[in-house]
Amino acid sequence: MKASELTQNIPSRLVIATRESRLAMWQAEHVRARLAALYPQCSVEILGMTTRGDQILDRALSKVGGKGLFVKELEVAMDEGRADLAVHSLKDVPMELPQGFTLAAILEREDPRDAFVSNDYASLAELPHGAVVGTSSLRRQSLIAARYPHLTILPLRGNLDTRLGKLDRGDYAAIILAAAGLKRLGLASRIRAVLAPEDSLPAAGQGAMAIEIRAARADGVDLEAVLAPLNHLATAQAVTAERKVSKIFGGSCQIPLAAFATVEGDSMRLRAMVATPDGARMASADVSGPAAAPELLGEQVAELLRGQDAAGILASCAVTPDNHEGLAPHA
């Protein structure tokens with residue numbers, strides 16, 4: 001679409017649907033500011049919502065429906081015409097979107113790594129025998145259990161502020177969070193150590209923000225073209241490869257699965273891992289190839305994992321590959 005045609009096709013008003021957690025609101029405000037700068041003639045508003053995932057805090061996500069609980073209400077708002085787009089942490093977005101919805105843009109990624117947060121200890125290695133570590137990610141649980149079997153790992157639910165509050169209350173000796181969320185909210189000072197991907201391989205999409213829209217609009221506005229300037233190509237390529245691996249293996253809250261890609265120029269490196277929750281069994285793969293073929297790279301990594309009995313690992317987690325849910329939100 002030509003620039004002149006796009007300018008004429010900008011709607012006078014856009015509404016962004018978002019969860020009401022502080023991090024989710026920061027992300028929506030960030031997208032609103034970007035759109036306002038691009039299209040000053042357009043009024044951009046935010047519709048804050050509470051999702052089922054925000055309301056259910058006493059059970060693990062794997063027991064109540066997975067990360068789809070954090071996007072469904074936002075999709076309903078778009079379907080009903082109350083919102084035009086939704087801003088998500090990509091890690092919250094199921095591998096399969098409902099019919100009629102699409103991801104229109106992937107914004108440039110923040111730090112994708114995991115962060116060690118503690119008031120009393122500088123690293124996982126410093127934690128004493130039996131120390132309690134909080135995380136709701138089975139991926140992190142398996143990686144910690146494999147390297148530090150003397151630690152006690154307990155579930156940690158709630159938004160970012162709630163999780164930090166539980167740490168400060170003394171419920172945990174340390175918690176593991178996504179570095180991206182802490183940095184976005186100006187809480188980088190809470191990070192005692194950032195975990196290298198070699199030690200804690202990130203989840204698919206970790207640190208990236210996604211914009212979801214209805215695939216077609218009755219008014220004929222090409223919203224995907226409107227949002228195209230926000231799309232970051234290298235990030236989009238990387239997370240496409242990661243999500244391909246996750247989709248192939250089910251990408252469920254019920255399995256520890258990691259997939260992390262980096263792009264340099266025209267080349268991409270993709271690393272992935274599946275494991276049992278106790279870290280006793282693990283399969284890993286590391287492949288490089290053209291960044292322009294991210295799904296093919298994802299398939300190659302998946303094939304290598306299959307060759308290491310990934311199916312047996314998944315079976316021991318009692319997961320079927322047609323479950324396309326995902327990992328814990330903002331974890």
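1. Helices (H or I, at least four residues) and strands (E, at least two) are DSSP runs, numbered from the N terminus. By that count, the chain holds 12 helices and 13 strands.

2. A word on the source: this is a predicted model, where local features need pLDDT of at least 70, side-chain atom pairs count only at pLDDT 80 or more, and totals for chains, interfaces and linings use all residues. Residues are numbered from 1 along each chain as its sequence is written, and side-chain values use heavy atoms, with hydrogens and water left out.

3. Of the 331 residues in the chain, 54% are buried (under 20% relative accessible area; exposed is over 50%, partly exposed in between; 1.4 Å probe, protein chains only). Take contacts (heavy atoms within 4.5 Å) between residues at least 6 apart in sequence: 73% of them join residues at least 24 apart.

4. Now have a look at helix 2. Its buried residues are Leu 23, Ala 24, Gln 27, Ala 28, Val 31 and Leu 35. These residues sit on the same side of helix 2, because they cover an arc of only 140° around the axis (the arc of the directions from the helix axis to the C-beta atoms). In general, an α-helix has 3.6 residues a turn, so residues three or four places apart point the same way.

5. What covers those buried residues of helix 2? The cover includes strand 1 (13-19), strand 2 (43-49), strand 3 (85-89), helix 8 (179-184), strand 10 (209-214) and helix 9 (223-227).

6. Finally, find Asp 309 in the loop between helix 11 (294-306) and helix 12 (310-316). Asp 309 is not a glycine, yet has a positive phi of about 65°. Most residues other than glycine have a negative phi. Asp 309 counts as partly exposed, because its relative accessibility is 38%.
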